[in-house]
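Visitor: Could you walk me through the labels used here, and what stands behind each of them?
Guide: Gladly, one label at a time.

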Amino acid sequence: MGDDTATLHMDGIPADTLLKVKKYLDCFHLSLQKLQEVSARLRKDMVRGLGKHSHHRAPVKMLPTFVTAMPDGTEKGDFLALDLGGTNFRVLHVRVVEEEQKVLKMDSQICAIPKEMMLGSGEQLFDHIADCLGDFLVSHNLKEQILPLGFTFSFPCEQKEIDKSILIRWTKGFNCSGVEGEDVVKLLRKAIDRRGDYDIGSVAMVNDTVGTMMSCGYRDQSCEIGMIIGTGTNACYMEEMKNVKRVEGEAGRMCINTEWGGFGDDGSLKDIQTEFDVKVDKMSINPGVHTFEKMISGMYLGEIVRLLLVRLTEEKLLFNGQTSEVLLTPETFETKFISEIEEKEHGLENTQKILTKLGLKWDLVDSRVVRLVCVAISSRSARLCAAALATLANRIRGNRRLDHLKTTVGVDGTVYRKHPNFSDELQSTVRRLAPQCDISYLVSEDGSGKGSAMVTAVAQRLALQSRLLEDSDGDDEEEEEDN
């Protein structure tokens with residue numbers, strides 16, 4: 001955090017203890033110069049990811065999303081949204097009201113996916129999704145309408161078109177047969193055909209980060225970056241088409257899903273990885289993958305803190321050198337504890353409750369040291385995230401050859417929303433790394449629901465416009481022939 005905050009947390013810790021503890025925390029403090037270096041590395045990796053021939057070797061994948069415009073305020077109508085990203089999936093009915101510039105969630109329903117279905121056949125999974133969608137349409141009297149659908153499918157996919165997305169691999173405990181390498185939109189449509197009693201309109205495949213950007217873009221049309229920093233992390237932004245070498249066409253812009261969690265997978269962040277990061281990576285289910293994500297996202301921050309606390313206890317700098325069985329058990333220090341410990345008003349009190357819960361015998365100095373550890377880890381996360389975000393803002397400014405960029409970032413994720421200091425730290429660091437960018441932040445309202453409906457609404461508007469253009473082109477020719 002800022003120097004004042006850090007000094008505040010050091011109060012009440014004896015000088016000799018503080019000196020020894022800081023030896024372990026110094027590796028988490030990244031100078032502005034180091035953050036600028038990190039930003040320069042990400043900038044290089046983004047160019048590699050956009051390249052036609054360098055893409056397959058790039059750790060930052062820079063995936064085209066085929067979303068080529070932001071909302072312009074004229075979108076309207078009723079839409080369905082499907083959100084599948086874990087053990088539950090949601091079905092929503094969303095209405096976009098042009099006059100009020102509002103995206104309204106009319107109804108929604110959560111459907112569970114049984115564990116055995118997560119490991120069964122793909123046909124069985126998509127039949128279950130089609131059944132739940134059908135039941136939703138029946139119970140909300142929508143079955144007779146053919147509504148466009150936004151499909152947020154939060155698994156690694158290669159998008160070929162707005163309505164064609166190939167699953168690369170299952171994650172999050174899913175392993176359904178016959179889906180990897182297949183187009184998930186086709187599988188959904190086949191399942192709806194098998195059921196045979198309803199139909200859907202056009203489908204737009206949506207990454208949750210793009211949904212975040214689009215749900216904010218309707219409220220603020222200068223929004224051109226979406227960022228999630230929660231359990232995982234990712235970002236998307238509007239790139240000039242001429243730089244997207246893997247897609248035909250030079251005109252206009254396209255939203256790029258950076259997949260920045262993979263930054264560093266080629267070893268480019270080795271100099272800032274600590275021994276604790278290395279350990280977290282080795283113990284994870286995907287060693288060597290998602291290096292950047294493991295340093296900054298909610299799924300891993302608590303574990304980094306736990307490993308540090310164990311080390312400090314072994315060095316007799318905490319709890320009189322006495323650990324507990326709970327503290328020695330992986331993943332027992334939850335990331336939400338960090339937010340509770342750093343809370344301004346009741347932080348110290350919360351720390352003591354958490355340490356008791358972890359079976360530790362603590363004194364006042366211990367609770368202050370633990371708070372200092374949490375500050376070091378969350379601060380590094382916010383500053384690294386800021387370095388990545390500043391890279392995107394600086395790229396947009398450079399693409400447009402602007403002296404000064406004014407833009408908005410749509411943000412979501414529990415770390416950003418819930419941590420008491422994260423957003424302030426992130427924003428102040430971005431200001432220092434991208435001084436010529438004036439950035440506003442808008443917290444997303446349901447990116448994977450309302451946002452995916454908005455992607456579908458924009459896709460429909462563009463399709464209608466291009467049809468109108470084709471029609472009018474034809475009229476011109478006819479008039480010329482008549483003369």
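Guide: Buried means under 20% relative accessible area, exposed over 50%, and partly exposed in between, with a 1.4 Å probe and protein chains only. This is a predicted model, where local features need pLDDT of at least 70, side-chain atom pairs count only at pLDDT 80 or more, and totals for chains, interfaces and linings use all residues. Residues are numbered from 1 along each chain as its sequence is written, and side-chain values use heavy atoms, leaving out hydrogens and water.

Visitor: Why is F337 called buried?
Guide: F337 has a relative accessible area of 3%, which is under 20%, so the label buried applies. F333, at 2%, is buried too. Of the 483 residues of the protein, 54% count as buried.

Visitor: What makes F333 and F337 an edge-to-face pair?
Guide: Rings of Phe, Tyr and Trp (its six-membered ring) pair if their centres lie within 6.5 Å; planes under 30 degrees apart are stacked, over 60 edge-to-face, and the rest tilted. The structure holds 10 aromatic pairs. For F333 and F337 the centres are 5.4 Å apart and the planes are at 85°, so the pair is edge-to-face. Elsewhere, ring pairs link F151, F153, F155, W170 and F174 into a cluster.

Visitor: How do you know that the radius of gyration agrees with a compact globule?
Guide: The radius is taken over C-alpha atoms, and the globule rule is 2.2 Å times the number of residues to the power 0.38. With 483 residues the rule gives a value near 23 Å, and the protein has 24 Å, so the two agree.
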